[in-house]
Amino acid sequence: MADLLRLLLRVAEKAANVARVCRQEAPLFQLLVQEKTGEDKNKKFVQDFKTLADVVIQEMIRHDVGAQFPEMAGFIHGEESNKFENGLGESVTVTVCHTEEETAALLATVLDGDRTAACLLARAIHQDPATIETSTDSLTIPLSPAELAIWIDPIDATSQYIEGKEEVLEEGHLSPSGLHCALVLIGVYLRSTGEPVMGVVNQPFNHQDPAGGGWRGKHFWGVSYGSINVCSASRPKDGAEGERGLSVVLSSSEKQVVKEALTPLCGPDKLIYASGAGYKILCVIQGLADVYVLSEGSAFKWDSCAPHALLRALGGGVVDLSKCLQSSCGAQDHSTELTYHQPDDECKGAERWAHRGGLVAYRDHSQLCSIVTALKGKL
């Protein structure tokens, strides 16, 4: 399955190119924004946006993976509905066509006849990215495509992508908000158990090219299955916890009771805030934070599947917070790990795929235990 990993790295970079193209054209970007409504609306945000970039990226990944691995075609799931409404009130189903010209013609119907914008997008969709250097050639993964399924989050932290705040990313520091938080997430899981086994995370807006000023991206990948645990990110060197304190990344809207319970454990300066569920898990992967805690059900399977696989490869994981609070935190309890194959049939729309019990992303099991102990009896 090294072929699948290489393909996912390539399509994630294509997706990043689409995200960058859409931001480069300000008038085009205004056309692309459409508010989510009804059952697909994520309740956490007052305004949550769907962009054509989201839908185009999702369908491009679905198209490319399905073409190379036909047995996976019916098992590629995404956050977005591919129905899009144009300015004339016409509903258009967005798909990737066989040729760039056909895709441009379809996109022009979404963009109210704006051929220039449609051609720009179609070119990015059908263009192969530059070769991605990876050390995947010697990787042997004993899995067949027929055992696997995929979750795509085309642009995680859509609100940050739309707002488009540009900041210089400091080495060794997380970015609380802005374009750095926007990620392309592709997670692969076992159909039978929901266990995440492969993940690709692409950060399209990692740094700006000093020469041309354009944005350049960065990618991360990981595989975790059986005895195979490989990750492009090396495990961060942990200092003595007593000396430096535990650092926890949260959403700024996290409950006050959680902040108060964690402050004695971390100290006020080690309680840090950032946007985007995927980005906060990436911060844990990179060692910019030790743990990510979310007490509400506002994250979804597509947010966590890809980075979860990377954390597993590093010896960590992502667990259901409510299940952890009900169990004793001794040896690692795999029954609390998040899985990705089953919806919550008590809910409707996007909520069927929400992590309703909240979550904790961690690298070190002892740190997970510290967090759970601090939160017991508080939630």
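A: K14 has a relative accessibility of 5%, so this lysine counts as buried (under 20% relative accessible area; exposed is over 50%, partly exposed in between; 1.4 Å probe, protein chains only). The model is predicted: local features need pLDDT of at least 70 and side-chain atom pairs pLDDT 80 or more, while totals for chains, interfaces and linings use all residues. Numbering starts from 1 along each chain as its sequence is written, and side-chain values use heavy atoms, leaving out hydrogens and water.

The residue sits in helix α1, which covers residues 2–24 (helices are DSSP runs of H or I with at least four residues, strands runs of E with at least two, numbered from the N terminus). The side chain of K14 makes a polar contact of 2.8 Å with the side chain of D64 (N or O atoms within 3.5 Å, one able to donate a hydrogen and the other to accept it; residues adjacent in sequence count only if both atoms are side-chain atoms). Leaving aside residues up to four places away in sequence, K14 touches M60, D64, I125, Q127, D128 and P129 (heavy atoms within 4.5 Å).

Strands β13 (residues 291–294) and β15 (residues 359–362) pair in the antiparallel sense over four bridges. L359 in β15 is the bridge partner of L294.

Nine of the ten residues of α9 (residues 277–286) are buried, so the helix is largely enclosed by the rest of the structure. The buried residues include A277, Y279, K280 and C283. Just after α9, G287 takes a positive phi of about 80°.

Six aromatic pairs are counted (ring centres of Phe, Tyr and Trp, the last by its six-membered ring, within 6.5 Å; planes under 30 degrees apart are stacked, over 60 edge-to-face, the rest tilted). The ring centres of W151 and W353 are 5.0 Å apart and the planes lie at 70°, so this pair is edge-to-face. W151 is in strand β6 (residues 148–156) and W353 in the loop between α11 (321–326) and β15, 202 residues apart. W151 is buried at 2% relative accessibility, and W353 is buried at 18%. Y189 and Y340 form a tilted pair, 6.5 Å from centre to centre with 40° between the planes. Y189 is buried at 4% and Y340 at 0%. Ring pairs also link W151, F300, W302 and W353 into a cluster.

K301 lies over the face of Y340, at 5.8 Å from the ring centre (NZ of Lys or CZ of Arg within 6 Å of the ring centre and within 35 degrees of the ring normal). R23 lies over the face of Y161 at 5.9 Å from the ring centre.

Notes
Pairing = 2+ DSSP bridges.
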